[in-house]
Amino acid sequence: MTVVAFAEKNKAAAQIASILGDGEVDKISVEGLPAYEFKWKGEEWLVMGLSGHIMSYDFPEKYNKWSEVDPSTLLGVDPEKFVTRKEYEAAIKNLAKRADKIILACDYDREGENIGFEAKTLAEEVTNVPVARARFSALSPKEVRKAFESPVDPDHNLAMAAEARQILDLKMGAAFTRFVTLSVREKARTKDVLSIGPCQTPTCGFVYEREKAIRAFEAKDFWKITAIFAAKGGEFEGTHRAGNIHDKEKAAEIFKRLKGAKEGLVVKKTVKEAKTSPPNPLNTTEFLKRASKFLGISPEVALETAEQLYLAGFTSYPRTETNKYADDFDFKSLVFDFARQKEYKPFAESILSAPIVPKNGEKDAHDHPPIHPIRAAARGEISSAINIPQAAEVYDLIARHFLANLMPAAVFEKTHLHLQVQEEPFDSSGTVLKDAGWLEVYPFENKKDKLLPFVEEKEKVDVKKLSNTKSKTSPPKKLTEAELLTLMDKHGIGTKATAPTHIETNKKRGYFENKGKTISILDTGFTLMEGLSLSVPILVRPDIRSKIEALIQEVEDGKKEFEAALDEGTVLIKEMYAQLEANKKELTSNIAGTIKDEAALEDKKNYIGTCKACGHVLRIVQTDSGRFVGCTGYPDCRNSFPLPKTGALTVLRSKECKKEGAAVLKVGNKYNWAVGVGPCFKCELEKECYPPETVGPCPECDGRMFLISFKDNRFLGCTKRCGYTHSVPKTGKLTLLDKTCEICGWKLFRLKEDGEGSEIPEDDFCLNRRCTEGIKYWKKVSPRNESRAQRKVSADPATGSGTKSAGRGTEKPAAGRVSKAVSVAGSRKESK
DNA sequence: GCAAGGTC
């Protein structure tokens, strides 16, 4: 007679074999996978571990192309189950052929039953020997032997409940994810997938709801009146009974009545005993929370560590919802074991000195016992057995929590003083730990004493100081990972094993992120949740999971047929899909905007600021037909600004245009361009932003002339934008001097030619054509244009003087406005 | 490329 057993994983198989085989176990290889051979009760045993699920669902291949299949089609398609781990299929069949009896020995829960059925399905393809089920909640010798001595029938309903979950989750997740992703991609170019799922989405929903509350919060002022009293025994603080006073006048009134107070009277003193019970036994969530809070270990690492402790036989199964010890739990022998371990000895002995009364929670999910130690172990033993740095710490937490559950409540003495100062009531209180009880073994909860000096009733105390302090109410705090876990657990989001994964999924999708222990929502996550809560509110709330869970539970309980549950679930998903579709526009436009904004923000080269019209991002857009500044909100927002056609663009992030609030662009070498305003010299704010050095008064108005330079051209312009411009030599280094022309008052220039052997002396000269000194200069450099120099040249800054020295006298004349001059400057470069 | 659930 050969019995073949399948465990959920290799380590569990090894542990089972070691227990049943009593150490005499042969490790063998089946199709390259480890299995264990031993004799038990005169029979041949072969135990192999699987690897969790070895099968999975997916849609048939022809539905795989997102672009060709309408997502809603998926709702009417039956997903197919296929083997994901072929090597296990081969090994299962190999062993099944040798078996006279098969025992499913996966973890005792819904998924474990389902995993067992995966093996059963594959085995039944090659054999028809009986298949039974061994149920155990801990890999302890006692539990395991009991389970294998009295196996039961496999629970078909339990396995099918998991099956229904798999199919419904896939249908919903795939259809919704594709719909949202494809809809958003119609508006924003992104490769990212926007995923939706019955666990990940409500998880993000919790973070979203908290963020909304934070954003909606308005701080309110409040006042608090406190006093420092001095008694014979020492000083202590008291608070006016009004507490937090939200009315400023009221606080001031009270404070006024207290003015000049020197003495207070202890009207009444009460001393009360208060008890604090030990915490409830550990279920998974409570364990993850405490590991995070007390040991600073992330949920993922904590769960993995507990898993290893379980597999090594130190602690019980780590995935449990139950926080209530079974009635027949053998506390005594376990505590005896701890009494032999130095570290825990005193606590164990004190527990054994009286009848054991465990602290219990209310939840008995009939799955596994609360997480507890299986045996007492020393730190060193843990560390050498498990290769995780925090393993010993985690074990210690579990061990101490277990012992704490068996210890008496902690007793505090709470003293309350009721004082009176000029008829005004004050309160003061203190707490002293009288009997540590369970706190003795549980150093993680540090309850500090708040001491009060000894004060008698009717005693008079001095008032040393009175204060009326103004404070502000503070907004709700961001969620911590531990709080998020609590919410997920409370609402049944994910299993105790997968909750950490759902948090990770949201981070991976860019929906929220971790900052230390707190979680912050990101824009994509916020707008997605906002869109979903407007169209399919149930998705953002935990309800979605509970609806599906309720259906599945009915299958598990045998109250509903598997097919009926699938149909009902699909109808539910179809309804939600219809709502999603009906609100497609509202749902996607904000997300698309955010995605585009984020992409634009990332694109440092082109990002220049925020659009004043819609709040999205302004960035430089380059197209075949040219370039301009555009808004990512396009096409909903059509805000745009022209840019010069040529010239290298650089974003000067340090220079913000005060008018538009966007960064100033540098065009070419020396030329600034403020978005929405154009060239900076055209903007009336330019003086403030870039006060120019002026040459002298404008001959046409009361403005002043200043040098405008850019890569290919330079000229003098008027600060008042009257349109008057004035040419300057086009080449050579031009320096504005501190000396002024005695005739016209313009500042003198000095020119240093580029080339050698210049005919132009490096003299100081006046440039003003309307000045006799200036005329002399222009005559000298350009005798033929002498007469023109006397005319008004406002019309043609770009053409310049046409001097020989400049060598650029051939440009087309341009219209008189400065902005035109710019475009000429640009096009010239283009022609190069 | 999509979910959630196992496990490594």
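**Reading loops and rings**

Student: Where is Asp22 placed?

Tutor: In the loop between α1 (10-20) and β2 (26-30). Helices (H or I, at least four residues) and strands (E, at least two) are DSSP runs, numbered from the N terminus. This is a predicted model, where local features need pLDDT of at least 70 and side-chain atom pairs pLDDT 80 or more, while totals for chains, interfaces and linings use all residues. Residues count from 1 along each chain as written, chains are lettered from A and ligands numbered from 1 in written order, and side-chain values use heavy atoms, without hydrogens or water.

Student: What is phi of Asp22 near, and is Asp22 buried or exposed?

Tutor: Phi is near 55 degrees, positive though Asp22 isn't a glycine. Asp22 has 62% relative accessible area, so it's exposed (over 50%; buried is under 20%, partly exposed in between; 1.4 Å probe, protein chains only). Lys458, in the loop between β13 and β14, also isn't a glycine and has a positive phi of about 70 degrees; at 56%, Lys458 is exposed.

Student: How do I read an aromatic pair?

Tutor: By the distance of the ring centres and the angle of the planes. Rings of Phe, Tyr and Trp (its six-membered ring) pair with centres within 6.5 Å: under 30 degrees is stacked, over 60 edge-to-face, the rest tilted. There are 23 such pairs here. Phe294 and Tyr442 are 6.0 Å apart at 85 degrees, so they're edge-to-face. Phe294 is in helix α8 (residues 284-295) and Tyr442 in the loop between β13 (424-435) and β14 (460-472), so this pair ties together parts 148 residues apart in sequence.

Student: Is the pair of Phe294 and Phe444 stacked or edge-to-face?

Tutor: Stacked, because the planes are at 20 degrees, with centres 5.4 Å apart.
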